[in-house]
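I open this notebook to record what I looked up about chain contacts, charged pairs and the nonpolar core. The entries follow the order in which I worked.

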Amino acid sequence: MTPAVGKPLDRVDGRQKVTGTARFAAEYDLPGLAHGVIVTSTVAKGRVTAFDTAAAERAPGVLAVVTPKNAPKLRPTEPFGSSETKPVAGTTTAPVLQSDQVFWYGQPIAVVVAGTLDQAKYAAHLVRVTYDAKPAELTLDSKGRVFVPDKVQQEEPEITIGDAEGALTAAAVKMDHTYTTPQHNHNAIEPHATVAAWDGGKLTVYDTTQFVFGVRYDLATRFGLKLDDVRVLAPFVGGGFGGKGGAWPQAFLAATAAKVVGRPVKLVLGRDQVYACVGGRTPTRQRVALGADAGGKLTTLIHTGRTSTSTTNTFTEQFNFPARHLYASPNIHLAQELIELDVCPPTFMRGPGECPGTFALESGMDELAVALKLDPVELRLRNDPDKDPTRGTPFSLRKYKEALKLGAEKFGWARRTPEPGSMKDGRLLVGLGVASAFYPVYRMPSSARVEVTAAGTALVQCGCQEMGMGTATAQAQIAADLLGLPVDRVKFELGDTALPFAMVAGGSSQTISVAAAVTAAVAALKTALLALAEKADGSPLKGLKAADVAFRDGGLARADDPKAGESFGAILARAGRKAVDAKAEVKPGDEAKKLSMQSYGAQFCEVRVDPDFGTVRIKRFVGAFDVGRVINAKTARSQFIGGITMGLGMALLEETHRDPRTGRLVNADLAEYMVPVHADVPALEAYWVGDPDPHTPMGAHGIGEIGITGVAAAVANAVYHATGKRIRDLPITPERLMSAARESPR
Amino acid sequence: MNPFDYARAAGAAAAVTQVAASPRAKFLAGGTTLIDLMKLHVETPDTLVDIGRLPLDKVEAVAGGGLAVGANVRNSDLAYHDAVLARFPVLSEALLSGASPQLRNAATVGGNLLQRTRCPYFRDGVSPCNKRAPGSGCAALGGHNRGNAVLGGSESCIATSASDMCVAMAVLNVTIKTQGPKGERAIPFADFYLVPGETPERETVLDHGELIVGVEWPALPAGAKSHYLKVRDRASYQFALASAAVVLEVAGGVVTTARVALGGVATKPWRVPDAEKLLVGRKPTAEAFAAAAEVATKGAVPRTFNGFKVALVRRVIVRALETVAAG
Amino acid sequence: MPPDPDPDRRDFIQGVAAGGLGVALLSTAGPGVAAADPPTGPGRAIPVQLTVNGQDHALTLDPRISLLDALREVLHLTGTKKGCDHGQCGACTVLVDGRRVNACLTLAASVAGSPVRTVEGLATGDDLHPLQAAFIKHDAFQCGYCTPGQLCSAVGLLKEAHATTDDEVREQMSGNLCRCGAYPNVVAAVQEVRLAARDAR
């Protein structure tokens, strides 16, 4: 049997997804289900002075109008990431429904519950609210509190090596510019939704989340329940991208409403409400300054800037993480500050930090290449470090140069003529650009249960998440190889707190975290199976130790003699068992401290620019990645091109506009917040080096986020190549291209 | 949505009677604008009279080469109609540049004539908006007004007309046929829409209860060519940043007919007669087109975020004219 | 134990709905619950006959209810998805009279008498529609949430027959957003089925 890992297998849940039988959170119908609709604030800061709920309460079908006046008391939750030992997932410290205070425009302030959705929506519209509004701080340049966070994702916020500014002054060739990225929103097509039901003191919720155990912990904390009295299920999640990584308000608001009306409640956020009360990616303003010697070797690297957080959370978009690991430089200065604003708490969005960070850094590298009159691929090759540039540790795996060369070859980089505006397609300007992709390797604690049956099937369980990555498919492939079974004999169950513990599906960590647990559980299962056979007369396994046997062809066999073995059925039948199972819980070791563990890649973009209209269309895009071993070639490719697609949106289209006068999001819908549509996206190509990482489970890296990194810079660099115009503020809109001047290389 | 009564119209006359009888009654056709705005509580009818199945669904030739189109003809059907494809490409192109296939399958000609603005402050239901809540002010003037109009606006309202189809119809010299409480009317396209002035809540000359039953337009001059060009950020499924519908006839080396209308930049489908006059009698050169484009945007009032549209729409006009002149 | 979302219940609810109760759920007062007045003024429920995937449903519906909510909340045909509820994402795409439309902007009452086909009606028994099979083969989805809309839209596209090239397919599928970014794979799947159908002719 050839290994399943690496094969381009179809998704195991594909049939459910194409027949409409894959059920998402809002699709669980329970007896007596009522509908909850939230009311949101129309001021950015202040307090509610009065609710007039009379008309809403009189409206047909209304069961309750829940405001701070009649909401059950909830306890404060704990912020995401604030504990090393507990799965805390709180997204805001705002006491929603617990006080009259308002912390951002769009904050939930009431919930209307009615028999039908139309009744609830209408009644929600009838709730009249008066406020005592206070002036709000809403932009990166406002008077909000500015501070340096204590830590950035457990790392130091500032890194200084040598004299970066002095080296910049002295550099033979240099660039020094400011780049901005706007707020983005995730825009998973499935809006945030929860169905909540109480059974006495026990709570069950179906929620759209990337973290069932985090939501469970959050709900148990708020309602003062034991963890075992809360069950959270999310078997399918309609896209997350970080926006469902924490416990957002819909879950506890649905549970609150259900408690008040004594019926199960379904609460689905309207699309505008997803923008209003689920945080997005914070805007960034970044300075990148690079100096080099005449030979194109970096002499200094500066990457500093400001991002925003909110008054009810502290979130740091770690934009300078790529600069910690990508390039060798004797002088480095990396720093970051936050400004606290009266806005919905910002949160992780696909490639948090690395995504806006690579826009600035990789635009800067392109500007340096122009200044050096050096090919930008060659510039990157010349600055590849032999150890981690800021930590000094060896790399667990670094095939960055291989990825860069692979991408350049597949893309046909050699046909590029360096002079901006030198390539044309009729009236249109042609541009080719390159940028590095970067994302760290994260691994988290995880656990798993594995069961094999006499029929030769296996069930593998872990309360992790599927929101499009192909989790069940990849883990079934991994488990199948470990168990010596064909993939179609292995079933993987996920998305339920009744299953073994898993952390958030975030940070591209899930695949290897869960793979480690599955591997350990399978090892434990071998011991458990062997225990049934090792003392049995007539068993070819009699007297053997675990190290002497291996899973093979639906059973156990001597490692040194595959023919000397017996099937699961035979072992179990003799023992009078139908099945045997084992569980395991594993934590990462200290490899991440000893080694620099990162994923790399290179993004190549070809654009067409209409010089009159300033419109940019993507003609071709190639991504090449160094991400260890790929588990499923089909779903991995989908992850990469999906990341690239979202990156194209970031480059050309996406921006959440907040009216600075009120704090209201102006384009909180899918017509005005533009994500790419079919017509924006050509055939995309993704390749990978494929060398396994000797220090990760399965030799794999997570791949969900690296695909988006570097894309915006590759596009901006291609636009520069086409037009000679350097756009340093995203998105690259027609008006920006129309008003930008051509820059001539120094 | 607020509660409403729903009734299917038995006929056009019955529908008119039903809607005319109640000040908050509305006709429902494809629903792509009305249902959307009802969900936003921007439209709050208490009665919907569904005219979607009335047999106003014919596309018929009229003497002299024009077309008569029923109000219920779906945008997609009109866009792919042989006569439209062959003789009025500007209309087909405009229709197919609008919305999505799904929306075009639902949206009707009559409904599209009454498509309402996408101004975010109109749609949000809470911001000051003189169109939605007369007298409340205009949040767009000092707000995020990238999508707003630079032509035809007032200090009361700068909401952009959203329809692509209407821009094409502006250059086809369409007549809008109605049936209302006071009888039947034939309204020239040029007279149909109102600029906002101080009453932006009034968008057309229609009376309450007056039903659009169809549109009609004559043939284009024998040698005329037509074209619709739309520029937007996304490659599809987006309203225009700027668009132009053009009809150009060149005979003996000079322009004999020129019609130009603009979309995405004005408060109503925006014909530019001064630009047209400038073109007639001149050679169809880049210089002439540029001069016409300059005249077309005379009086444009740029706001904080939409100033680029003035230059952009000029370039769109030039490109559209160049395209038909070359074709 | 969680409340069991027993699939059999769907049939029960459908049966009830077909019996005419529709959305007229009875309000039972709980703690802190306002008593609901009987409906007055406009908005009386009306009889609506919906024909979905060949099955007739005699319903009594709030005139406000969209076809999308009628499918999902009344008939419990949850394959059709709600992404934006405003005609901006295409996740709710269904076929009415064989034409693709956004179910969110369509009143249920206005399609009475017209056949509605949803993702649940694409396969024939266990045999997937060729587009469904091609979507799996080409991995034309990730999370799967926009997928029913993409599929119904693609069915409509093939019937309309206005798209031949990849660019035309992209343009004609642009009413269906996919945030996971499966667009190139959707195009590959649609083209494979389109070409196979052409060759079969």
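The entries below begin with conventions and then take up the interfaces, the salt bridges and the core.

**Entry 1. Conventions.** I work with a predicted model, in which local features need pLDDT of at least 70 and side-chain atom pairs count only at pLDDT 80 or more, while totals for chains, interfaces and linings use all residues. Residues are numbered from 1 along each chain as its sequence is written, chains are lettered from A and ligands numbered from 1 in the order in which they are written, and side-chain values use heavy atoms, with hydrogens and water left out.

**Entry 2. Chain A with chain C.** I looked up the contact (heavy atoms within 4.5 Å) and found 85 residues from chain A and 70 residues from chain C. The buried area (accessible area, 1.4 Å probe, that two parts lose on being put together, summed over both) is about 6,000 Å², with 55% given by carbon and sulfur atoms. On the side of chain A, the residues that lose the most area to chain C are A:Val18, A:Ile189 and A:His678, together 14% of what that side buries.

I then searched for salt bridges (a side-chain nitrogen of Lys or Arg within 4 Å of a carboxyl oxygen of Asp or Glu). The rule finds 6 of these salt bridges across the interface of chain A and chain C. One of the pairs I looked up is C:Asp85 with A:Lys121, whose closest N and O atoms are 3.1 Å apart.

**Entry 3. Chain B with chain A.** The contact takes 33 residues from chain B and 31 residues from chain A. I noted a buried area of about 2,800 Å², 59% of it on carbon and sulfur atoms. In chain B, three arginines lose the most area to chain A, namely B:Arg234, B:Arg315 and B:Arg319, together 24% of what that side buries. The count of salt bridges between chain B and chain A is 6. A:Glu672 pairs with B:Arg118 in a salt bridge, with closest N and O atoms 3.7 Å apart.

**Entry 4. Salt bridges within chains.** Over all chains, I recorded 80 salt bridges. The side chains of A:Arg324 and A:Glu155 meet in one at 3.1 Å, N to O. A:Arg324 lies in helix α8 of chain A and A:Glu155 in the loop between β7 and β8, so the pair ties together parts that are 169 residues apart in sequence. Are these two residues buried or exposed? Both A:Arg324 and A:Glu155 are buried (under 20% relative accessible area, with exposed over 50% and partly exposed in between; 1.4 Å probe, protein chains only).

A second pair is A:Arg726 with A:Glu367, at 3.9 Å, N to O. This pair links distant parts of the chain, 359 residues apart, with A:Glu367 in helix α9 and A:Arg726 in the loop between α17 and α18. A:Arg726 counts as buried because its relative accessibility is 6%; A:Glu367 counts as buried at 7%.

**Entry 5. Nonpolar core.** Of its 149 residues, A:Phe604, A:Val607, A:Phe621, A:Val715 and A:Ile732 touch the most other members. Not counting residues up to four places away in sequence, A:Phe621 touches residues including A:Ile644, A:Leu648, A:Leu684 and A:Val711.

Definitions and conventions:
Core = buried A, V, L, I, M, F, W, Y, C linked by side-chain atoms within 4.5 Å. Helix = DSSP H or I, 4+ residues; strand = E, 2+ residues; numbered from the N terminus.
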